[in-house]
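I set out here what I looked up, entry by entry.

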2 protein chains.
Amino acid sequence: MTEAPAEFSLIARHFRPLAGPGALELLDDAAVLTPPPGRELVLAADAMVAGVHFLAEDPPDLVGRKLLRVNLSDLAAMGAAPLGYLLTVSVPRATEDAWFAAFAAGLAHDQAEFGLSLLGGDTTSTPGPISLSLTIVGHVAPGRAVRRAGAKPGDGIWVTGTIGDGALGLRAIRGEVADPDGHLAGRYRLPRPRNTLAIGGIASAAIDVSDGLIQDLGHLCRAGHLGAEIDSALVPLSTPARAANDLPACLTGGDDYELLMAVPPDRAGDLVAAAQMAAVPVTRIGQFMAGPADVHVIGLTLPAGRAGWSHF
Amino acid sequence: MTEAPAEFSLIARHFRPLAGPGALELLDDAAVLTPPPGRELVLAADAMVAGVHFLAEDPPDLVGRKLLRVNLSDLAAMGAAPLGYLLTVSVPRATEDAWFAAFAAGLAHDQAEFGLSLLGGDTTSTPGPISLSLTIVGHVAPGRAVRRAGAKPGDGIWVTGTIGDGALGLRAIRGEVADPDGHLAGRYRLPRPRNTLAIGGIASAAIDVSDGLIQDLGHLCRAGHLGAEIDSALVPLSTPARAANDLPACLTGGDDYELLMAVPPDRAGDLVAAAQMAAVPVTRIGQFMAGPADVHVIGLTLPAGRAGWSHF
């Protein structure tokens with residue numbers, strides 16, 4: 001009469017090993033978390049659906065890692081350190097145990113790499129595609145969260161890493177773009193969130209590039225009530241992205257998960273020093289200026305209506 | 001170039017009005033929450049999929065309220081007070097604005113009733129059925145969270161409200177069970193979580209009845225390493241549930257979202273007093289005892305393997 005059904009043994013086998021402090025071994029109705037004393041909590045949630053945010057045939061370990069990493073990227077953009085996460089997984093009834101094993105192995109790998117653990121969640125069936133949702137919990141010193149609002153005219157516009165690889169990677173997987181060493185496909189399948197770069201106290205505003213550089217820069221402009229000008233020639237591109245010769249795709253494509261930051265001129269040196277410590281490349285691509293919340297791109301004319309994309 | 005696409009205007013129209021303290025008006029990558037000083041946080045997440053946890057034709061306001069309430073019920077079972085929630089919504093592209101408006105109106109109604117607000121989330125499209133996920137954040141005095149483990153031999157087994165209405169309600173909606181005044185269908189569509197009954201310091205263990213009374217009692221037994229005996233004649237049933245004359249369905253059906261508690265004999269008076277204050281009916285249906293983690297039900301023989309159900 002007290003035999004545990006499939007859902008519980010599945011959780012015990014694959015998800016309990018991921019559980020950390022506060023998760024109560026996933027045996028309770030909820031997790032109990034003691035917040036780090038004197039810190040503010042930073043919380044974000046993202047959903048991923050097969051066929052929309054990842055490909056149904058993608059390796060499950062990479063799906064798990066991407067789900068965790070897109071949320072880690074939100075913490076990085078706020079200047080927050082990761083603490084834990086809750087996860088809901090809705091999968092077709094026929095999903096094999098091996099899928100869960102690989103999915104959980106991917107999560108375990110990235111938990112160790114980024115220093116956080118599973119707090120709780122839910123596993124259900126769905127008659128549709130795999131639907132995943134992850135809520136991440138991080139922490140930050142009081143008042144030090146980096147917001148989208150906060151850029152001032154004259155602040156430099158900086159990005160980490162290279163821009164456009166995520167969107168080109170999706171096209172590479174579809175065979176539309178050359179990708180000799182798989183770099184582009186790898187960037188699409190496995191974002192590289194910049195959590196090692198602590199931007200709190202350095203950036204005056206930040207966002208992660210998930211909807212496309214120009215659109216996300218527009219978010220900073222609207223939030224800060226100011227304009228922006230970037231020089232397309234300064235936007236850092238990877239070698240295969242440069243070879244693809246499609247700058248509009250790079251500047252409007254999504255899924256980069258690099259940081260886009262406003263940095264006051266007198267903090268630029270601090271950013272470069274912090275980036276060197278963290279081994280994260282940073283590049284200044286333009287500056288904010290007083291005026292309407294428009295993004296000007298030197299050296300590029302975009303087709304009307306092609307400013308970015310949404311996952312909706 | 002800075003035109004906001006459909007996803008953003010949808011969030012602004014329907015979800016921003018739900019945002020509370022810490023949500024930063026849903027304009028940032030994450031919420032920033034100052035934890036109540038000296039309290040522990042309690043976190044839970046539940047997913048709901050159309051066709052599995054609710055019916056595609058259910059009124060969207062009730063879907064929103066049910067999603068929030070199943071999570072509120074997890075907080076009630078831990079003795080925690082609600083604070084806020086994060087929400088991910090994946091819907092078919094053709095979903096009409098009116099669906100979002102009604103869904104958000106339901107959430108707004110219950111936010112006011114239960115005292116919490118939206119912290120953040122994500123909205124995406126899906127080629128499949130509507131898939132919802134909600135992470136709830138609550139708080140509790142340090143060390144006072146009520147766990148599944150903690151029942152002692154001799155503790156009474158208590159439940160709130162009536163048992164079995166949720167499962168019978170689903171059958172009533174399907175026309176399989178008489179439901180003259182719609183009470184049963186109403187209990188399925190809109191759970192009534194018991195957050196007004198503060199069980200911290202009174203119950204030695206608790207769970208909410210979501211998988212079925214017997215199965216959830218089995219969870220308390222396994223967590224506490226003890227057995228349980230309930231008298232089926234003492235299990236409180238609503239008038240239409242009594243008329244349905246299917247006690248096995250009532251004791252094994254899910255979706256009741258009543259509290260199932262272990263209460264030491266010397267705290268029973270406190271429970272009754274607290275329940276009267278909160279206007280929540282409570283009933284003692286049996287007791288825990290030393291021994292293997294088995295649930296004995298006086299007056300009922302269940303078919304083999306029929307102990308409860310899972311949403312998986």
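The entries below follow that order.

**Conventions.** I worked with a predicted model, in which local features need pLDDT of at least 70, side-chain atom pairs count only at pLDDT 80 or more, and totals for chains, interfaces and linings use all residues. Residues are numbered from 1 along each chain as its sequence is written, while chains are lettered from A and ligands numbered from 1 in the order in which they are written.

**Domains.** I looked up the domain assignment of chain A, which gives domain 1 (6–29 + 36–140) and domain 2 (156–298); such bounds come from an automatic or database assignment. Taken over C-alpha atoms, the centres of these two domains of chain A are 26 Å apart. Their contact (C-beta atoms, placed from the backbone, within 7 Å) takes 17 residues from domain 1 and 16 residues from domain 2. On the domain 1 side, helix α2 (residues 60–78) of chain A gives the most, with 11 residues.

**Helix α4.** I then asked how many residues of α4 (residues 165–173) of chain A are buried, and found 7 of 9. Buried means that 20 or more other C-beta atoms, placed from the backbone, lie within 10 Å of the residue's own. Among them are Asp165(A), Leu168(A) and Leu170(A). I noted that the buried residues of α4(A) pack against α5 (183–189), α7 (239–244) and α8 (247–252) of chain A. Helices are DSSP runs (H or I, at least four residues), numbered from the N terminus. Just after α4(A), Gly175(A) has a positive phi of about 80 degrees.

**Copies.** I found that chain B superposes on chain A by a rotation of 180 degrees with 0.0 Å of shift along its axis (RMSD 0.0 Å). The two copies are thus related as by a two-fold rotation axis. In chain B, Gly128(B) has the C-alpha nearest the axis, 2.3 Å from it. The superposition is by least squares on C-alpha atoms of residues with pLDDT of at least 70 in both copies.

Key:
Contact = placed C-beta atoms within 7 Å. Helix = DSSP H or I, 4+ residues; strand = E, 2+ residues; numbered from the N terminus. Buried ≥ 20, exposed ≤ 12 C-beta atoms within 10 Å, placed from the backbone.
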